[in-house]
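The paragraphs that follow walk through the salt bridges of a predicted model. Where do charged side chains pair, and which parts of the chain do they link?

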Amino acid sequence: MATSHPRYSKQEFARRGDALYERHIRPVVEAGNPGKFVAIDIDTGVYEMDADELVASDRLFARSPQAQIWLIRIGSRYVRRFGASARSEGV
């Protein structure tokens, strides 16, 4: 697989990914999919969803080999958490 290099600063990457998710993707995927991952190409808005983030990312790369992927976990502010914490979000 070809390596895709970031074309944006971290801030611009996050701004684009969050904006696409909030405006176009969240209303479509949120209901009934808590805890699933959404991989979004921040250049095109194309996305894939799966319970496994690598599966979602791989499917998106198969569709768009040059994708700039922003990953979001439905119903959570975080994709992953590190360390001990109470699981209050249910995901």
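Begin with Arg59, which is partly exposed at 32% relative accessibility. Arg59 forms a salt bridge with Glu48, and their closest N and O atoms are 3.0 Å apart. Glu48 sits in strand S2 and Arg59 in helix H2 (residues 53-63), so this pair ties together parts that are 11 residues apart in sequence. Glu48, at 14% relative accessibility, counts as buried, because the limit for buried is under 20% relative accessible area.

Salt bridges with shared partners also join Arg7, Glu12, Arg15, Arg16 and Asp43 into one network. Asp43 belongs to the loop between strand S1 (37-41) and strand S2 (47-50), while Arg7 belongs to the segment before helix H1 (10-29), so the two tie together parts that are 36 residues apart in sequence. Asp43 is partly exposed, with a relative accessible area of 32%, and Arg7 is partly exposed as well, with 45%.

A further salt bridge joins Glu22 to Arg26, with 2.9 Å between the closest N and O atoms. Both residues are in helix H1, 4 residues apart, so about one helical turn separates them. Glu22 is partly exposed at 44% relative accessibility, and Arg26 is partly exposed with a relative accessible area of 31%.

The pairs described here are among the 9 salt bridges found in a search of the whole structure. Side chains of opposite charge can pair when their charged atoms come close.

Note on methods. Residues are numbered from 1 along each chain as its sequence is written. This is a predicted model: local features need pLDDT of at least 70, side-chain atom pairs count only at pLDDT 80 or more; totals for chains, interfaces and linings use all residues. Side-chain values use heavy atoms; hydrogens and water are left out. A salt bridge is a side-chain nitrogen of Lys or Arg within 4 Å of a carboxyl oxygen of Asp or Glu. Buried means under 20% relative accessible area, exposed over 50%, partly exposed in between (1.4 Å probe, protein chains only).
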